[in-house]
Structures are given as C-alpha cells and as structure tokens.
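Hello,

Here is the structure I promised to pass on. Have a look at it first, and then read my notes below.

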Amino acid sequence: MNKNIGLLSILLLVVFAVRLVVAEEVRQYGNASWYSSSLHGRKTASGECYDKNELTGAHRELPFGTLVKVKNLYNGKEVIVRVNDRGPFIKSRIIDISRAAAITLGILNLGTARVSIEVISLPVIADPGSAS
C-alpha cells in the first residue's frame, strides 16, 4: 500500500513538472482566423457549445481548458483565450478564435492575422482520489 502511494506521488510530481515545462516553452507563430458567427451555438470538440461572445479558441493539440495568450503581431493587441475545440484545419493557421477574441485583436474585418500564441496555463488535472 505504501509503495502504491509512493508511486502515485512520484507520478503526480512528474505530471506537474511536465505541466510547468510545457507552459513555459510552448510558443508558436503563424496565422489566426476566427470562427464564423454561423457556428454560434454548435457543439465544439470538447462538447461545449460555441459562443461567439466568449474568449475561446481551437488548437490542434493543446488540451481543452488550456489558457493561451494570442498576440496580433501587426498591432500588438493581445487576448487570452481558453481552448475548447480542435482545429484549425487549414495548414498555415495555428489557432481559430471566437468572434469576441477577433474583435479584441482587431482582426474582425481582416479575417486572419499573423499571431504568436503562448501557453499561459494548462488545465488542472483532477486528483485521482477525488470524487469530481
């Protein structure tokens, strides 16, 4: 029993260490686009409904719930979005963002913009012993 607790403790430490390293090192450069308003209310890959008025985004690999700072490299405007969907499905793009995030970045009329994205925080991993 004590051996299992020790192994679990080591595993949790490794998971948290990896989360810190990933959060510090993940920065990407590429193009961002924003979701069409016609998708408002449709389910995302995470199971949530897309809300064009929320600050959310789609990324191919980052876990759902990850907070990402998106910076428009043309005008310096920034926004923090929460990943709740998968995409974008166009190779040259690194993130799709909600309409609200596009407004904040100043790209609503442009449709796309060159951006950098940086992981601010990864989602909290539930304690295996918790009821939630």
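A residue counts as buried under 20% relative accessible area, exposed over 50%, and partly exposed in between (1.4 Å probe, protein chains only). By that scale Arg-82 is partly exposed, at 29% relative accessibility.

Before going on: this is a predicted model, in which local features need pLDDT of at least 70 and side-chain atom pairs count only at pLDDT 80 or more, while totals for chains, interfaces and linings use all residues. Residues are numbered from 1 along each chain as its sequence is written, and side-chain values use heavy atoms, with hydrogens and water left out.

Now the salt bridges (a side-chain nitrogen of Lys or Arg within 4 Å of a carboxyl oxygen of Asp or Glu). The whole structure holds three of them. Arg-82 meets Glu-48 in one, at 2.7 Å from N to O. This pair links distant parts of the chain, with Glu-48 in the loop between β1 and β2 (56-58) and Arg-82 in strand β4, 34 residues apart. Strands here are DSSP runs of E, at least two residues long, numbered from the N terminus.

Glu-118 forms a salt bridge with Arg-27, where the closest N and O atoms are 2.9 Å apart. Glu-118 is in strand β6 and Arg-27 in strand β1, so the pair ties together parts that are 91 residues apart in sequence. Glu-118 also forms a salt bridge with Lys-69, at 3.8 Å between the closest N and O atoms. Together, Arg-27, Lys-69 and Glu-118 are linked in a network.

What does β3 pair with, and in which sense? Strands pair if DSSP finds at least two bridges between them. β3 and β4 (residues 78-85) are antiparallel over five bridges, with Val-79 in β4 as the bridge partner of Val-70. Six bridges join β3 to β6 (residues 112-121), also running antiparallel, and there Ser-121 is the partner of Leu-67. In the hairpin of β3 and β4, which has five residues between the strands, Gly-76 takes a positive phi near 80°.

Best wishes

Conventions
Helices (H or I, at least four residues) and strands (E, at least two) are DSSP runs, numbered from the N terminus.
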